[in-house]
Amino acid sequence: MVRVVYQWLKVMLNQLAFLSKPKLNSDETLESYILRVSISNAIPMQQLMQLICFDNQEEIVGSIPAFEYFNLFHSKTVNDNRYNGLTSLSHRLGMNSRSLRAVVIQRSSKKYSNNLASLSYKRINIPLLLFRKKLIPVCPRCLNDSEYIRLSWHIDLVKCCNEHKNYLLHYCPQCKSGLSYISRQNISLCSCGYDLKNAAITSLPSNDYSDFLLRISSLVSSSIKSGKSLPNKYFSSVGGDLHRILSFAVFFYSYINEKKHVEEDRLAKFFYYFITDWPESFKRYLSERKKKGFVHLIKCSNKTGFNEIFGTLLLDAQNLPDNSIGNNIILSEILSFLSEEIEKDRQGKGRNKLSNLLLTRQEAAIVLGVSINYVSKLTAEGYLSLAHKKLEAYIPIYSLGEVLAISNGNFR
Ligand SMILES: [Zn+2]
Ligand SMILES: [Zn+2]
């Protein structure tokens, strides 16, 4: 009997509509929307989380996620109570469950570069490396226009507001703490009580760098609103659309910047020079790296791994967005740089040549655009020769010159 009453109560509770039904914005984060539902209906967040997840088995109720970890990318499984809970929440808010699920962020199967994870929002893949999870800056003017958090503020490449032409605000002007609407569970109010809508803004000066920042910000926001990776002519030298810009940023942050912690503005400026002067900026960088590497060479070049001079260059250039030379501008630029340098070396007199450097099986597979198993097959069939007999995948064994010659012969 008690169980029947409980089930009935549960069904009734799940059907109760909220009095306030805020309108969901097309570029809003799920956390921002849940916060607005909680505030406008005066329901404490913990209680709202319980209501959202209530239509699951009661034994699961104990594992209701905290608000900070509610978004789906925090979950390891697809079918957990968060996903089902969103359907009941949308019913209470009188909306289609698909519209609410559209602003969910999920883990994506797409990997960038050397196995770097990514997230997906609508149909946009966002490399995890470029996603601000804790400290999320805001535009005070946008908050004044409409009080909600734009997903674009979570993307590390977005430094300014393209509508109001000002830098995003990262710290509370009153208590100086980093802004995090998720941990303070409020959209405009800082935990010290300061209303961020009143914060003074810093306008962007009029120069090429500001123009670059505004274009990136505009490309990110418009792509997010439309759910498509939109193109922009300004970035045509690096592929043009948002997806390619994000690929470039991943490569820049992980390989060129070597994942070092650099002050955000300085990093953005480096990225600006790197992207606006592409491919010359990259060729200069590789040339410098080659020069330094050969000066400090310990063994002869035919006993030295390519990775001892160029580090994880080929591994980091993978999957941006894939390994086909027509799509992967970075990998294509690397291969043309190496071919040109090998040609120059051939005319020079030095004994240590770039073409003698040794590639691992994985690096050879990237250069040839084939699988590692296929490289083994080519070796067994005598198309590729081995510098020595050690066959472990991480040991360099193939000469760069030979692999590139096969690659340039349009071998696929
Ligand atoms: Zn704004
Ligand atoms: Zn504050």
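This is a predicted model: local features need pLDDT of at least 70, side-chain atom pairs count only at pLDDT 80 or more; totals for chains, interfaces and linings use all residues.
## Overall make-up

The protein contains 18 helices and seven strands. Its C-alpha trace spans about 85 × 60 × 35 Å along the principal axes. Of the 412 residues in the protein, 32% are buried.

Contacts were also considered by separation along the chain. Among those between residues at least 6 apart in sequence, 60% join residues at least 24 apart.

## Helix H16 and its neighbour H17

Helix H16 covers residues 361–368, and helix H17 covers residues 372–380. The axes of the two helices come within 8 Å and cross at roughly 95°. Because angles of 65 to 115 degrees count as roughly perpendicular, H16 is roughly perpendicular to H17. On the H16 side, the contact is made by Arg361, Gln362, Ala364, Ala365 and Leu368. On the H17 side, Ile372, Val375 and Ser376 take part. By class, the residues of this contact divide into five nonpolar, two polar and one charged.

H16 is mostly covered, with seven of its eight residues buried. The buried residues are Arg361, Glu363, Ala364, Ala365, Ile366, Val367 and Leu368. Among them, Arg361, Ala364, Ala365 and Leu368 also belong to the contact with H17.

## Helices H15 and H18

H15 passes H18 in a left-handed crossing.

In this contact, Leu335, Leu338, Ser339 and Ile342 of H15 meet Leu400, Gly401, Leu404, Ser407 and Asn408 of H18. The residues comprise five nonpolar and four polar, with no charged residues. An α-helix has 3.6 residues a turn, so residues three or four places apart point the same way.

## The three-stranded sheet

Strands S1, S2 and S3 form an open sheet in the order S1-S2-S3, with antiparallel pairing. The edge strands are S1 and S3 (124–127), each of which pairs on one side only. On average, neighbouring strands of this sheet are turned by 40° against each other, direction ignored.

S1 (residues 105–112) pairs with S2 (residues 116–121) over five bridges, and S2 pairs with S3 over four bridges. Serine 120 in S2 stands opposite glutamine 106, while the bridge partner of serine 120 in S3 is asparagine 125. S1 and S2 form a hairpin with three residues between them. In the turn of this hairpin, serine 113 has a positive phi of about 50°.

## Lysine 303

Lysine 303 lies in the loop between helix H12 (280–295) and helix H13 (306–310). Why is lysine 303 classed as partly exposed? Lysine 303 has 14 other C-beta atoms within 10 Å. A residue is partly exposed when this number lies between the limits for exposed, 12 or fewer, and buried, 20 or more.

Lysine 303 and serine 399 are 96 residues apart in sequence. In space, the C-alpha atoms of lysine 303 and serine 399 are 9.6 Å apart.

Definitions and conventions. Residues are numbered from 1 along each chain as its sequence is written. Chains are lettered from A and ligands numbered from 1 in the order in which they are written. Axes are lines fitted to C-alpha atoms, for helices over the stretch in contact, and angles run from 0 to 180 degrees between N-to-C directions. Angles under 35 degrees count as roughly parallel, over 145 as roughly antiparallel, 65 to 115 as roughly perpendicular and the rest as oblique. Two residues are in contact if their C-beta atoms, placed from the backbone, lie within 7 Å. Ala, Val, Leu, Ile, Met, Phe, Trp, Tyr, Cys and Pro count as nonpolar, Asp, Glu, Lys and Arg as charged, and the others, Gly among them, as polar. Two strands pair if DSSP finds at least two bridges between them. A crossing is left-handed if the near helix is turned anticlockwise from the far one by less than a right angle, and right-handed if clockwise.
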